[in-house]
Amino acid sequence: MTTISTGGGPTLEQRRAFAGLKDGSEVPGYKGYIPQIKYRVGGTYGNDTNSLSQEYGMKRATTIIGPCEPEIICNELPKTDGDKKFTEKMVPGYTGYVPRLMFRYGGTYRHDCDHSIDNFITNRDSYAVKQDEVLRHTKANPKLTAISYDPDVKNKLNRYRDMHPTPATLVADKRPMVEPPIPGYQGYIPRINPTEVGLGQRYHCSTNSGLDLFAREQSHHKAINCDPPRPITLGSPKVDFTTSNTRPGVDYSTRLYLRDGMVPRYTGYIPQRRYVFGNTYGDETRGLEVCAHNSNNFGSFQRSKSMAL
């Protein structure tokens, strides 16, 4: 038996027999994962690993019965010259990565490195052989023809195009923006929730009014943007409050609280209504200052009061 300093030494089973380890226990110094080992205290490493192996049934890759046959190096390891990383006779103390060395224990550094490098070279060469085999089979088979060259596919596409409407037809059949949707539509309709347009009306009428108001507002803003730029003047523009128009021919108003009063069952906020009682809902809202003023909106009315003071 050669000594450890020359690369030999006792085998793993000889060390197990010398240490008197029980079946299933690990060699002291083994740094692999052992379930529940960190919760064991007060016992030796061999006894703890033996009891855990019986309790959790830890499996090994191979079961060794009798003397272990030494591994044989199948490849010629690279010579130690130049800047090669993995060579024969690795020097102990090298802290770099050695393939599969972390899965070996119980042997000397040189012995484990030689066999790890041998396994790495074997796997690399076998992978290269498989890649060459796949490439050879790929080149030996004829190239596949693209399905787009098949005339049957083109005929089916033409038939589908003839039986289904074209995009131009779909655009022509699109509903106009101002057409109200059918009752039950859950999508967004502009202007029916934040304004009084959607109060006290059927769904068809409220959506029609909301879409119509939205279209008129868009036309109003478009007309403003098309006009030549005008000088900015202080003060609010003159507005005809009898018709609530800011421009001739355009029905555009931002007023929420109407002079006629609010529709019963309106659940929005009305300033000062909580302090008025004894009248109907319409009489109460008509008598409030927020509805009785003649300004374009309540903010303009408040500003006019402050300017008058």
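First, the ground rules. The model is predicted, so local features need pLDDT of at least 70 and side-chain atom pairs count only at pLDDT 80 or more, while totals for chains, interfaces and linings use all residues. Residues are numbered from 1 along each chain as its sequence is written, and side-chain values use heavy atoms, with hydrogens and water left out.

Now the overall picture. The protein chain has 9 helices and 0 strands. Helices here are DSSP runs of H or I, at least four residues long; strands are runs of E, at least two; both are numbered from the N terminus. The chain has 309 residues, and 21% of them count as buried. Buried means under 20% relative accessible area, exposed means over 50%, and partly exposed is in between, with a 1.4 Å probe and protein chains only. The chain exposes about 24100 Å², and carbon and sulfur atoms supply 57% of that. Those areas come from the Shrake-Rupley method with a 1.4 Å probe; for residues, only the protein chains shown count as cover.

Contacts next. A contact means heavy atoms within 4.5 Å. Take the contacts with a separation of 6 or more: residues 24 or more positions apart account for 43% of them.

Let's look at α2. It covers residues 45–56. Does its length agree with expectation or disagree? At 1.5 Å a residue, its 12 residues should span 16 Å, and the end C-alpha atoms are 16 Å apart, which agrees. The expected span is 1.5 Å times one less than the number of residues. Buried residues in α2 include Gly-46, Asp-48 and Leu-52.

Met-102 counts as exposed because its relative accessibility is 62%. Together with Tyr-97 and Phe-103, Met-102 forms a nonpolar patch on the surface, with about 420 Å² of accessible area. The patch rule takes residues with over 30% relative accessible area and no salt bridge; like charges are joined within 9 Å, and nonpolar side chains (Val, Leu, Ile, Met, Phe, Trp, Tyr) within 5 Å.

Which residues does Ser-116 touch? Leaving out residues up to four places away in sequence, Ser-116 touches Val-98, Pro-99, Arg-100, Leu-101 and Arg-104. Ser-116 is in helix α3, and it counts as buried because its relative accessibility is 0%.

A word on cysteines. Cys-113 is buried at 0% relative accessible area, and Cys-291 is buried at 0% as well. The structure holds 0 disulfides, a disulfide being a pair of cysteine sulfur atoms within 2.5 Å.

Last topic: salt bridges. Side chains of opposite charge can pair when their charged atoms come close. The cut-off is a side-chain nitrogen of Lys or Arg within 4 Å of a carboxyl oxygen of Asp or Glu. The whole structure has 10. Arg-216 and Asp-212 make one of them, at 3.0 Å, N to O. Both lie in helix α6, residues 203–226, 4 residues apart, about one turn of the helix. Arg-216 is partly exposed at 27%, and Asp-212 is partly exposed at 36%.

Glu-289 and Lys-305 form another, with the closest N and O atoms 3.1 Å apart. Glu-289 lies in helix α8 (residues 289–292) and Lys-305 in helix α9 (residues 298–308), so the pair ties together parts that are 16 residues apart in sequence.
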